[in-house]
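Open the structure in your viewer and keep the selection tool ready.

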Amino acid sequence: MTLRLPSPDGSLRPYEPGPAPAPGVHAGGPLTSRTVFSAAHVVADPYADVSADDPAAVDWDATLAFRRHLWQQGLGVAEAMDTAQRGMGLDWPNAAELIRRSAAEARAVGGRIAAGAGTDQLASGTLDEIRAAYEEQLALVEDAGAQAILMASRALAAAARGPEDYLTLYGHLLRQAREPVILHWLGPMFDPALAGYWGSADLDAATETFLQVIAAHPDKVDGIKISLLDADREIAVRRRLPAGVRCYTGDDFNYPELIAGDAQGFSHALLGIFDPLAPLASRAVRALDTGDVRGFREVLDPTVELSRHLFQRPTRFYKTGVVFLAWLAGHQEHFAMVGGHQSSRSLPHLARAYELADRLGLFPDPERAARRMRALLDVYGVPR
């Protein structure tokens, strides 16, 4: 099947789909050299009669099936994060249900799970109200049996008067956490409402506050997730962490080099791009488990072009490409998203994502992927 794919300039280019998928990982124990989480997307219910302003309708069976796919590859699941459209269509009641269901599924299959605790039940609030919202979500995550990821809070970014408010609030939360948590610093490229987090728009000053929070409670911080798309800053922060505190890269532009590391250390991973890349991510880290850094890079380096494409500005819409690839790969039977975000990327963007993923061998059934791509082109009126 030859497809005619649209380019950004409006022209059509012929594309011949690849003949075979990359070899997958069908068995094997957990990954050992790195702790690797995939931030997983949710599958919408396409038959629900809801609008973009209504609470999300989730296909729970398909959503949990995708998490089993990730666990099967040896990856952990980072649940109810921004990849799951948290704050972009998935409200707190649905996120809470997602955490409960996924944590129960993790126990049933022996999968590793961490889950986001934030304040998205609030649009805004006082510092006391923000603390109570965090406490509610932290308790739910821990009661469900998942490791807590303290997510950045839009409400806190709006209400905090400076670094001291962050130090006080995070200190309170860390003292009451039952088990060590992961702290998440999500940059404004992912969510513009988080500009100035940690009390300053100056990243150097914000970094110092972030490190001060960790230094005050190293026994309550399992690790940090940095999503700033700045490899040099991540490495600099990584080298200043207290002993035993991990760095989980959230850098979807530079993850191979950060995970591989250097003579002074390495990053673990908590990445949205590992949702579509799960089989390749698993194969790469398994090479690293044997000390084969070159083999790790040979598998993962070619995936960076796709990741940078999916995460191009506006970066917050990367979820559209993630769900699109899940549909093409056969992990779900439709290309619908909560909040109607299937329309958040252009057809040329999706066509390029298909092409890059196909070249990587990411589709278990390339013919099915090509048929689905052809169906989307038909919907948009692209001539055969």
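**Stop one: R34**

Select R34 and follow its side chain: it reaches the backbone oxygen of I259 at 2.8 Å. The side chain of R34 also reaches the backbone oxygen of A260, at 3.3 Å. A polar contact here is a pair of N or O atoms within 3.5 Å; within protein, one must be able to donate a hydrogen and the other to accept it, and residues adjacent in sequence count only if both atoms are side-chain atoms.

Before moving on, know that this is a predicted model, in which local features need pLDDT of at least 70, side-chain atom pairs count only at pLDDT 80 or more, and totals for chains, interfaces and linings use all residues. Residues are numbered from 1 along each chain as its sequence is written, and side-chain values use heavy atoms, with hydrogens and water left out.

R34 is found in the loop between β2 (12-15) and β3 (36-39). Helices (H or I, at least four residues) and strands (E, at least two) are DSSP runs, numbered from the N terminus. Is R34 buried or exposed? R34 is buried, because its relative accessible area is 9%. The cut-offs are under 20% for buried, over 50% for exposed, and partly exposed in between (1.4 Å probe, protein chains only).

Now show the contacts of R34, meaning heavy atoms within 4.5 Å. Leaving aside neighbours within four places in sequence, R34 is in contact with residues including F266, H268, V285, L288 and D289.

**Stop two: helix α9**

Select residues 278-289, which form helix α9. Its 12 residues should span 16 Å at 1.5 Å a residue, and the end C-alpha atoms are 16 Å apart, which agrees. The expected span is 1.5 Å times one less than the number of residues. How many residues of α9 are buried? The count is 9 of 12, so α9 is mostly covered. Among the buried ones are A278, L280, V285 and L288. The buried residues of α9 pack against β3, α1 (60-72), α8 (255-260) and α10 (293-300). After α9 comes G291, with a positive phi near 85°.

**Stop three: helix α5**

Select residues 163-176 for helix α5. Its 14 residues reach 20 Å from first C-alpha to last, close to the 20 Å expected. Colour its buried residues, including Y166, L167, G171 and L174. They pack against several elements, among them α3 (127-144), β6 (147-150) and α6 (203-216). From G171, draw a line back to R34: the C-alpha atoms are separated by 28 Å.

**Stop four: α12 and α14**

Show α12 (residues 318-328) with α14 (residues 366-379): their axes come within 8 Å and cross at roughly 125°. That makes α12 oblique to α14. In α12, pick F324, W327 and L328; in α14, they meet R368, A369, R372, M373 and L376.

**Stop five: backbone details**

Select P314, in the loop between α11 (304-310) and α12. A cis peptide bond joins R313 and P314, with omega about -10°. P314 counts as partly exposed, at 35% relative accessibility. Its C-alpha is 7.3 Å from that of M189, 125 residues apart along the chain.

Next, select A80, in the loop between β4 (76-79) and α2 (92-109). A80 is not a glycine, yet its phi is positive, about 55°. At 0% relative accessibility, A80 counts as buried.

Finish at W198, in the loop between β7 and α6. Its phi is also positive, near 70°. W198 counts as buried, at 0% relative accessibility.

Technical notes. Axes are lines fitted to C-alpha atoms, for helices over the stretch in contact, and angles run from 0 to 180 degrees between N-to-C directions. Angles under 35 degrees count as roughly parallel, over 145 as roughly antiparallel, 65 to 115 as roughly perpendicular and the rest as oblique.
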